[in-house]
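Hi,

Here is the structure I promised to pass on. Have a look at it first, and then read my notes below.

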Amino acid sequence: DVSFARCWAMTGGFGQAQVVALAWLGQMLTNFLWVPLASHAKALGYSTAVLAPIFAESVGLRIIPNSLVTQVAAKTELPVMLVVLVGYVISFFFPDELWAFHILGCATGMGFVRPCVTLHCQALCNRDIDALTRLSQRCGAARTLADICGFTLPAVLYDATGWAGVAAFGGSLAFFYLVLSLQLHWCPSGMPTKFEDKVPVSKKIRWIDWVLSGAFVSTELQWNVLNTAVPATLITSYQLPTYAVGVAIGSGALVSMFYLLSLPALPRLINPPRPMNLLMSYGLMSCSWLLMLAAVLTGKAVLFVVGIWAFLAMGNNTQVVLLECLTGITDVETSSQIMGISEVVGCGVGTFGSYAGGMLFVLSDRAPFAACALWSLFCAVGLTWSVGHRRLQRAKSAGDDGTVFQSQPSEIFTLPSCQGLNLMLEDRERAHSFIGPEMEFRALSSVDSECSTTLTSEAHCSPEMSCESV
């Protein structure tokens with residue numbers, strides 16, 4: 001019928017482009033305020049200390065939209081983005097008032113909508129794992145492009161038009177976000193189901209889900225340490241001018257964007273299947289801290305910039321794959337709960353990371369990089385152990401004892417995590433080597449749980465259900 005055709009044209013024809021645009025707009029609004037507000041406050045004669053509580057309000061109030069996501073899912077973006085629009089309108093009409101700056105800082109904090117965009121990706125792809133992978137990578141590339149634009153366009157706009165132009169442009173970004181997101185909410189089920197034999201998705205949150213969300217929170221900690229320690233190092237230790245610091249970090253975001261866009265065309269040695277791509281990018285992210293530490297010890301600025309580029313590329317890819325895995329193995333309701341809680345914790349951890357980066361740099365210019373290298377390596381080992389152990393759990397549920405290292409003389413090769421890693425290496429040529437099997441494993445676990453309940457209450461079990469423990 002006409003309404004279905006209209007919905008299909010909207011979501012199927014333009015939905016993915018809309019979600020990528022939402023990813024760009026949301027990230028732009030996240031970084032939009034920092035540079036022009038600092039310049040405008042200086043022009044008005046305000047001290048730097050005046051901006052500190054405004055930025056703290058902006059970061060701290062991100063907890064509100066992240067908490068709302070756990071209750072109303074992606075619909076959170078509608079009221080919070082309306083608040084952002086109102087904040088820019090007030091700032092446009094009261095450009096010189098300090099109280100208007102505080103309102104704008106609070107409003108921009110309310111506009112943190114990354115979990116909502118991730119939920120749109122999950123709903124739009126409709127359990128199509130290949131489509132989810134492609135869309136997640138494009139959204140990640142859009143965010144890195146927004147990082148570049150967010151630190152350059154507002155500054156250029158302020159120099160050209162003053163604060164009125166900045167406030168008008170920020171309000172227009174919030175308005176366009178509202179328009180695009182309203183279209184998606186107006187027609188949430190326009191994209192028909194591609195697969196009639198989909199594996200049912202369990203709503204129960206498993207321990208591996210919390211491990212993946214914890215790994216995501218850890219990346220937030222490292223990002224905020226980087227945001228604090230890297231500019232200070234470039235300015236203080238390497239005596240670079242401000243514009244050169246911007247070029248070094250901005251070029252890293254550009255490298256990250258091109259890396260994410262080129263991933264589908266890269267060979268499997270560089271872009272292995274899940275979850276090996278996650279473990280590889282997390283491990284290389286740890287190595288990037290070691291590279292920056294070596295650069296500080298040797299005083300080589302070029303090596304330090306290469307380390308920044310490596311972290312930005314691997315850090316962005318790690319977050320993309322983590323969000324892809326979390327949304328791929330859970331339904332929308334469960335994803336909203338996990339990501340909402342993760343982002344709330346991430347806000348607190350990120351704030352701590354900003355302070356920790358500054359305090360560690362005061363102790364020594366090497367301290368932030370040494371501390372993050374150790375922490376990142378610890379998290380990489382923990383993530384590898386957890387994913388390997390989960391792979392062995394799935395193997396055992398399928399009737400495989402997982403004794404893949406019986407011929408090895410060393411006892412270390414009999415550890416469950418090592419056996420699981422070997423099984424993952426054998427999955428290299430298998431499509432969806434994490435999401436698909438994990439969904440099947442959860443569906444089987446759910447069936448067996450129902451069977452156990454039936455056995456307890458009725459002392460019998462239907463012949464269709466398997467009563468094995470998984």
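For the helix pairs below, an axis is a line fitted to the C-alpha atoms over the stretch in contact, and the angle between two axes runs from 0 to 180 degrees between N-to-C directions. Please keep in mind that this is a predicted model.

Let's start with helix 10 and helix 14 (residues 332-363), which pack with their axes 8 Å apart at an angle of about 30 degrees. Angles under 35 degrees count as roughly parallel, so helix 10 and helix 14 are roughly parallel to each other. Helix 10 makes a right-handed crossing as it passes helix 14. Sorted by class, that contact has 12 nonpolar, 13 polar and 3 charged residues.

Helix 10 (residues 207-237) also meets helix 13 (residues 301-329): their axes come within 10 Å and cross at roughly 160 degrees. Over 145 degrees counts as roughly antiparallel, and helix 10 and helix 13 are therefore roughly antiparallel to each other. Here the crossing is left-handed. The contact of helix 10 with helix 13 has 16 nonpolar, 8 polar and 2 charged residues.

Then there's helix 8 (residues 129-161). With 33 residues at 1.5 Å a residue, helix 8 should span 48 Å, and its end C-alpha atoms are 45 Å apart, which agrees. Where is the kink in helix 8 centred? Look at C149: the helix bends there by about 35 degrees. Just after helix 8 comes G162, with a positive phi of about 85 degrees.

Cheers

Definitions and conventions:
Residues numbered from 1 in each chain as written. Predicted model: local features only at pLDDT ≥ 70, side-chain atom pairs only at ≥ 80, totals over all residues. Heavy atoms only, no water. Helix = DSSP H or I, 4+ residues; strand = E, 2+ residues; numbered from the N terminus. Parallel < 35°, antiparallel > 145°, perpendicular 65-115°, else oblique. Left-handed = near helix turned anticlockwise from the far one by under 90°. Nonpolar A, V, L, I, M, F, W, Y, C, P; charged D, E, K, R; others polar. Expected span 1.5 Å × (residues − 1). Bend = angle between axes of the 7 residues up to and from the residue.
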